[in-house]
Amino acid sequence: MEIIRASFILVVFVLDMVRITLSVENEVLYLDYYKETCPLAEEIVSRNVEIAVLKDPRMAASLLRLHFHDCFVMGCDASILLDNHGDIISEKQAGPNLNSVRGFKVIDEIKYILEEACPLTVSCADILAMAARDAVALRGGPRWKVWLGRRDSMKASLDGANQFIPAPNSSLETLISNFNEQGLDIEDLARCVSFRQRVYDINMEEKRDKYKRYRTFRRILRSICPDSGRDDAIAPLDFSTPAKFDNHYYINILEGNGLLGSDNVLVTEDHEGEIIKLVWAFAANEELFFSSFAKSIVKMGNINVLTGLEGEIRKNCRFVNP
């Protein structure tokens, strides 16, 4: 499925490399957090995510990416949902998000229904975490338990969004640095402007492409993305099974068919050979990939969460409370 990209495998790799000890079995977040205060919360989120994905299958990838881009800037605090207002400059204007990240109206609809059922109870940050889980499951991926109790940020960080969200043409060193910053990909469809460099810059290996392994794929991409113009044209990160959550992304990388530059550096710049082992493992064993994915997403969902009296529970996810 399109939502899988270089980011996830680096989650696994960097978690091992820096020996992260994030624990969700603590008194910060809880399972069944809304059992007493809003018992239908998870059902409301799940039902509305399902409706949104049935209308637009790409929305599954978009909701997962929204959670990912939120967590990488200040933590999983729904700061990405804030619009420009007063002193707040929205993260939506950051390079990695502008004209790219979507799904805000889906979150708005879910929040509206939750406010009708349980006013000022369910945080926007928790909605993002639940929606990501439900979106993946709807496209055939794993389903995991979501730990809840996050509160919403009262500020945004445009600079943080530009600095910490990995760019599609990032080097392996830069990607690892981004993940190290967070103590740890998921992404849906790539805009043409994100993969044009990959399409038109040819390295020596591709020039010697005896079996035309790269040329056929490149020809398909060039038909979608010309040398100039059509910046917002999109292509799936996985041409084999674009509407399904599976392990074909890793198979594509091994075949030289990674769409983004950051996909291919997993292999070309992995001089120690640690990441390529994971690529082979996930390509060969989908169940292993699903299990690793779920564990990493749960850990990512715990980055710098606000709890207790920190932050607030927004009434409208786009604005801090008056």
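Trainee: How many helices and strands are in the chain?
Mentor: The chain has 14 helices and two strands. Keep in mind that this is a predicted model.

Trainee: What share of the residues is buried?
Mentor: Of the 322 residues in the chain, 56% are buried.

Trainee: And how much accessible surface does the chain have?
Mentor: About 14600 Å², and carbon and sulfur atoms account for 52% of that.

Trainee: On to α2. How many residues does α2 have, and what does it reach from its first C-alpha to its last?
Mentor: Helix α2 covers residues 41-55, which is 15 residues, and reaches 22 Å.

Trainee: Which residues of α2 are buried?
Mentor: A41, I44, V45, N48, V49, A52 and V53. They cover an arc of only 155° around the axis, so they sit on the same side of α2.

Trainee: What do the buried residues of α2 pack against?
Mentor: Three helices: α3 (58-71), α4 (104-117) and α5 (124-138).

Trainee: Then take α4. Which residues are buried there?
Mentor: In α4 the buried ones are F104, V106, I107, I110, K111, L114 and E115. Their arc around the axis is only 165°, which puts them on the same side of α4.

Trainee: What about the other side of α4, which residues are exposed?
Mentor: K105, Y112 and E116 are exposed there.

Trainee: What covers the buried residues of α4?
Mentor: The cover includes α2, α3 and α5. As for its span, α4 has 14 residues and reaches 20 Å from first C-alpha to last, close to the expected 20 Å.

Trainee: Switching to α3 and α14. At what angle do they pack?
Mentor: About 45°, with the axes of α3 and α14 (residues 286-300) 10 Å apart. That angle makes α3 oblique to α14.

Trainee: Which residues meet between α3 and α14?
Mentor: From α3, L64, H67, F68 and C71; from α14, F293, I297 and M300.

Trainee: Now some single residues. Where is G75?
Mentor: G75 is in the loop between α3 and α4. Its relative accessible area is 0%, so G75 is buried.

Trainee: Which residues does G75 touch, leaving out those up to four places away in sequence?
Mentor: G75 touches D70, I303 and N304.

Trainee: Why does D83 count as buried?
Mentor: Because its relative accessibility is 17%, and buried means under 20%.

Trainee: What does D83 touch, with the sequence neighbours up to four places away not counted?
Mentor: D83 touches I88, S90, K92, R318 and F319. The C-alpha atoms of D83 and A156 are separated by 9.0 Å, and these two residues are 73 apart along the chain.

Trainee: Last one, D126. Which helix is it in?
Mentor: D126 is in helix α5.

Trainee: Is D126 buried or exposed?
Mentor: Buried, because the relative accessibility of D126 is 0%.

Trainee: Which residues does D126 touch, not counting those up to four places away?
Mentor: Y34, W147, L148, G149 and R150.

Definitions and conventions: Residues numbered from 1 in each chain as written. Predicted model: local features only at pLDDT ≥ 70, side-chain atom pairs only at ≥ 80, totals over all residues. Heavy atoms only, no water. Helix = DSSP H or I, 4+ residues; strand = E, 2+ residues; numbered from the N terminus. Expected span 1.5 Å × (residues − 1). Buried < 20%, exposed > 50% of the residue type's maximum accessible area, 1.4 Å probe, protein only. Arc of directions from axis to C-beta. Contact = heavy atoms within 4.5 Å. Areas by Shrake-Rupley, 256 points an atom, 1.4 Å probe, with all protein chains shown as cover. Axes fitted to C-alpha atoms, helices over the stretch in contact; angles between N-to-C directions. Parallel < 35°, antiparallel > 145°, perpendicular 65-115°, else oblique.
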